Amino acid sequence: MITNFTELRKQAKSALAGKSIPRLGVIFPTDSTHIEAIFEAVDDGLIKPTLFGPTLEINKLLDEAVSDSFGSDQVNVGMDVIDCATAEEAARKALAMVQKGELDLLLKANQPMREFVDLLFDNQIGLAGKKDVVTHIELLQHNRYHKLMMVSDGAVIAEPDAARKISILNNAAALAHTLGNEMPKAALLAAAEGIYPAVPVSMEEAALAKMADRGLIKGMLVDGPLSFDIAINAEVAKSKGLTGSPVAGDTDIFIPPTMSTANGVYKAMVQYAGAEAAGIIYGASIPIATASAVDSSTNVLNSISLGVLVATT
Amino acid sequence: MAVLQATEPITSANGIIAAAKKLAENDRVRMIAVAGAQDIAIVGALAEANADGILKATLFGDRDKINELAEKDKIDISKMDVVHETDAGKATYGAVKMAAEGNADVVMKGFVSTSALLKAVLTKEFKLRVKNTLSHCAVLDIPGYHKLLSMTDGGMMVKPDRAQKIDILENAVLVARALGIKPVKIALSGAVDKIYDSVAGSLECGELMKEFAERKPMDVEVQGPLTFDAATSKTIATRKGLTGPVAGNADVYISDTIEECNIVAKTLINFVDAVFSGVIVGARIPVSLVSRTDTMINKKSSVSIACLLAAYYDQLGGGEA
């Protein structure tokens, strides 16, 4: 079971043994953070990239990255750049190439997440139909927690109903399985652990937990409603008189009730708690690695590694 | 009472505690009426705040129990008045009545239910009701952020509608004013930083923004939707190409749901050691509540912010902005 990003990167590499290097399309990598991560991933033999964005700007960033890592005499880095003036053009061209089967995974760089997600469901060039279950999953590593934390969905499904929450759970469990966690524990997060008829979120989460108890949601343990502090700390559960939860204090998968909540949690973790992170859009025809404005180049590299692992497993 | 008006905005939890102490020295010591005081976590925090010269307290509750708990934990309660009342309902009534009669500035929740306490506060006979929405404001001191951030509402309104969100926002403005913040920069939460047809919450946020544009509140700037990172980091707001008066510099973050505020705040408390000062706003008097699991500084800054808010209400003449 993978419990940190160092292992994740190793695993991604060993998953490639005997296979061809996955072709990564990068949407609008117009900053050094993304370029550095792509360089390192190429150096590791993880990917063969095609960059979609303004050629002049990207070549300049590539030159800078080359001189930083190898000294100024080596200039030919062999990365394909497809000239695109805007992020939207970059996304459209990259998606078209995926549809032709010419790319194995994508990295969404400097395009606002929602603009990309809307294109992903576009019925002409998208990679997912209305019925496909596509979710965003953020993987976090922090030294105050004993294992990787998965937070979903902070970017694709805005206000998931019960059916969509089951999809979010299933996708997260599938990713956990890929990471070697056979029976992940999922917490449906709420403001408190109580189940109150007047609080719709608590009723829905309780019903979902009941479904999981009856084996209607498989491959994972689910409990909810749980407050965030109960989900991460069994002592808090005990002090609130909550006993017998198979999830409290040992959560792998954190499911907040809305997209803005999930987004707030992982941004707070990265921006203020300094968590290492990786993001992925899961469930489309190919995996899409994601990084946001808060992410360091290490996090971008983590995202690429996660995408590679999913693409090859 | 110019002496009360903070000349510089308060930017930390310690600053809140220091300001409450200064208020007690320069103006008068505020009185806290505790409903159901047989709760050692609360008595302990109040005794310490009392010894620091921040406040006075009247404890409504089971006198024997209070004495027993204080003795066991070696807490000096000799400087605080105790009103013996074993019945939770009567203790609650007594504490709220004391505030309604002008003899206490803050009501604090002890070993009684929150809903019973708030119900008492909103009872017609006490005339403490100002608006229909009471909201909880968690003023967070987040290491790494250059000022205080009020997150609201993570405790009261389950799924606020537009009118209730405006009440929540106005309540948060009162707290910000009590902290000397002017203008108050308010971010409306979102998972996105723009309005998209595919995100219902962002459309709703757009409607709320229109309403504010019409109201033109004084010294209040509102922007939304804003993701948490864009609301609280200039660097990230710039990277995302966002402009506007609030991006990267929010004083207040208004959440879409009770869960959002609660979960994000707990993330910051558990992983970043953010200190929060919590208070319930919307009535003519502040209602203070702390949790047993709160740290001492957290409890002290919570009672301190209630004192600052009470003083601000005195200035306004009755709690209505």
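**Domains, chain contact and a helix**

1. In chain A, the domain assignment gives domain 1, made up of residues 1-132 together with 284-313, and domain 2, which covers 137-278. Please keep in mind throughout that this is a predicted model. Taken over C-alpha atoms, the centres of domain 1 of chain A and domain 2 of chain A are separated by 28 Å.

2. The contact between these two domains takes 17 residues from domain 1 of chain A and 16 residues from domain 2 of chain A. On the domain 1 side of chain A, the elements that give two or more residues are α5 (113-120) and α11 (297-312) of chain A, and the largest share, seven residues, comes from α11(A). By class, that side of domain 1 of chain A divides into nine nonpolar residues, seven polar and one charged.

3. Chain B is divided into domain 1 (1-130 + 283-321) and domain 2 (138-277), and the centres of these two domains of chain B, taken over C-alpha atoms, are 27 Å apart. Their contact takes 19 residues from domain 1 of chain B and 16 residues from domain 2 of chain B.

4. On the side of domain 1 of chain B that touches domain 2 of chain B, two or more residues are given by each of α1 (13-26) and α11 (296-316) of chain B, with α11(B) giving the most, nine residues. The residues of this side of domain 1 of chain B comprise eleven nonpolar, seven polar and one charged.

5. Turning to the contact between the chains, 35 residues come from chain B and 37 residues from chain A. In chain B, α7 (200-215), α8 (228-232), α9 (234-239) and α10 (258-272) each supply at least two residues of the side that touches chain A, and α10(B) provides the largest share of that side, twelve residues. The side of chain B that touches chain A has 15 nonpolar, 13 polar and seven charged residues.

6. Helix α4 (residues 88-100) of chain B has 13 residues and reaches 18 Å from its first C-alpha to its last, close to the 18 Å expected at 1.5 Å a residue. Among the buried residues of α4(B) are B:A91, B:A95, B:V96 and B:A99, and the buried residues of this helix pack against β1 (30-35), β2 (55-61), β4 (106-109) and α5 (114-122) of chain B. After α4(B) comes B:G102, whose phi is positive, near 85 degrees.

Key. Residues are numbered from 1 along each chain as its sequence is written. Chains are lettered from A and ligands numbered from 1 in the order in which they are written. This is a predicted model: local features need pLDDT of at least 70, side-chain atom pairs count only at pLDDT 80 or more; totals for chains, interfaces and linings use all residues. Two residues are in contact if their C-beta atoms, placed from the backbone, lie within 7 Å. Helices (H or I, at least four residues) and strands (E, at least two) are DSSP runs, numbered from the N terminus. Ala, Val, Leu, Ile, Met, Phe, Trp, Tyr, Cys and Pro count as nonpolar, Asp, Glu, Lys and Arg as charged, and the others, Gly among them, as polar. Domain bounds come from an automatic or database domain assignment. The expected span of a helix is 1.5 Å times one less than its number of residues. A residue is buried if 20 or more other C-beta atoms lie within 10 Å of its own, exposed if 12 or fewer, and partly exposed in between; C-beta atoms are placed from the backbone.
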